[in-house]
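Thanks for coming. I will go through one structure this morning, a piece at a time, and keep to what the coordinates show.

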Amino acid sequence: MESSMDDIVIVGSGHAGFQLASALRQQGRDGRIVLIGDEPHLPYQRPPLSKDYLKGPMLPEDLRFWSEKQFSDKSIERVAGTRVTAIDRRDGAVVLADGSRVGFGHLVLATGTRNRMLSLSGSDLDGILGLRTVDDAAAIRAGLEEAQSVVVIGGGFIGLEIAATVALSGRPVTVVETTGRVMGRAVCEAVSRHHEGVLAALGVAFRFHAGVARCLGDEGRVRAVELAGGDVLAADLVIVGIGVLPNDDLAAAAGLAVDDGVLVDAGLATADPRIFAIGDCARHPSLHATAPVRIESVQNAADQARLVAARLAGKPTEPYGAVPWFWSHQGDLKLQIAGLAHGADETVLRGAPEDGAFSAFRYRAGRLVAVESVGRPADHMVARRLVGGGIALSPAEAADEGFDLKAHAMRPQPA
């Protein structure tokens, strides 16, 4: 194993890992860059998997960030289809599944997350699928070609995006959710109820306060889902979307601090200054939350990658403080969120849900902390400036359609 202190190894070839490799070259960083991923594919975009890719006829190559030639032209080495099994901090190397070693001067963990799995009777039947990778999406798309009835377990973003796609294809689909509303951890009740109504009109059925007791099948394939109350839902395809877990085991085994994610400082470094963590696997301090957070979004992954790239290129950087923002497209519904609504104690609406487009302004102790916009992209763009800049906006101003949000956001703020 030959390595240099200039060598950068990136573990994980998703959005965060790819963006980091790309940004390092954009920032003028020379030297060896090795991008290691456990999937055999070239790095690709994941957001379309639950929507456009499921509809077809999109191909895996349509999702790629770069071609093989582009990686070669940028002198970025790819190690694909293999796992990193250990980090040797003493010698500065990662160990691959085949026992080979890759040395590093700096190591960046962009290991992402993995799906939570069902753990109940029948959960190993064929036809029970999750969505994380392009191969998962291909399996779901193939299953939809034959499916007569679909059950989606989990009413979060991914579950609803898939349910909308299935309903638009004309197949019956039921969403089973343990709580009383969809996206309950992410949005206010008004946004939840609006989405439920629109999706129900598309043909999506909902079962709330419903747990899954077991999956039923014959000849090794799922045929139904039995709920905790005894009701049985026909299903020859079951899609599980019950959340994710951070891939922080590698860091933990190397003696790095983890707590539902790899713990990093405001510069995204671990306690070992040679090792960083970015994207979905990293828990970091945030100006927009009262405690360190782990954020699952493409925007967060890309912004963190650019910051670490600048640091490794020797450029001056500020502590990570990007305002988080998210989106979810469910059929014709376009939901955009700016900020983090954790602990919000007041919500006001701008616009009316019955008109099909509105925004929910979320406050915590009188401070605007998040805005959830449905079909109002202009509100979302202003919200990113308001929340990101800590610009004061009263609930009355937010609710007043006559109040000029854009002009308010652009007004010079007191020092």
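Predicted model: local features only at pLDDT ≥ 70, side-chain atom pairs only at ≥ 80, totals over all residues.

Ile153 has Val240 of strand 16 as its bridge partner. Ile153 belongs to strand 10, residues 150-153, which runs parallel to strand 16 and is joined to it by four bridges. Val240 has another partner to mention: Gly130 is also bridged to Val240 in strand 16. Gly130 sits in strand 9, residues 128-130, and three bridges join strand 9 to strand 16, again in parallel.

What about the two faces of strand 16, residues 237-240: are they covered or open? Both are covered. Leu237 and Ile239 point to one side, Val238 and Val240 to the other, and all four are buried.

As a reminder, strands in a sheet pair through backbone hydrogen bonds, in a parallel or an antiparallel sense.

Ile8 is placed opposite Ile33 of strand 2.

Now the helices. Helix 1, residues 15-26, and helix 8, residues 298-312, have axes that come within 8 Å and cross at roughly 35°. The crossing is right-handed. On the helix 1 side, the contact uses His15, Ala16, Gln19, Leu20, Ala23 and Leu24. Helix 8 contributes Val298, Ala301, Ala302, Ala305, Arg306, Val308, Ala309 and Leu312. Sorted by class, that contact holds 11 nonpolar, two polar and one charged residues.

Then two aspartates in loops. Asp280 lies between strand 19, residues 275-277, and strand 20, residues 282-283. Is Asp280 buried or exposed? Asp280 has a relative accessible area of 15%, and because the cut-off for buried is under 20%, Asp280 counts as buried. Beyond its neighbours within four places in sequence, Asp280 is in contact with Gly112, Thr113, Arg132, Pro246, Arg294, Ile295, Glu296 and Ser297.

The other aspartate is Asp260, in the loop between helix 7, residues 249-253, and strand 18, residues 262-263. Asp260 has a relative accessibility of 36%, so it falls in the partly exposed class. Leaving out residues up to four places away in sequence, Asp260 touches Pro246, Asp248, Arg283 and Arg294. Pro246 and Arg294 are also among the contacts of Asp280. Asp248 is 12 residues from Asp260 in sequence, and their C-alpha atoms are 7.6 Å apart.

Last, the cysteines. How many disulfides does the structure hold? The count is zero. Cys188 has a relative accessible area of 6%, so Cys188 is buried. Cys281 is at 0%, and therefore counts as buried too.

That is the end of my list. I will take questions now.

Key: Residues numbered from 1 in each chain as written. Heavy atoms only, no water. Buried < 20%, exposed > 50% of the residue type's maximum accessible area, 1.4 Å probe, protein only. Contact = heavy atoms within 4.5 Å. Disulfide = S-S within 2.5 Å. Pairing = 2+ DSSP bridges. Axes fitted to C-alpha atoms, helices over the stretch in contact; angles between N-to-C directions. Left-handed = near helix turned anticlockwise from the far one by under 90°. Nonpolar A, V, L, I, M, F, W, Y, C, P; charged D, E, K, R; others polar.
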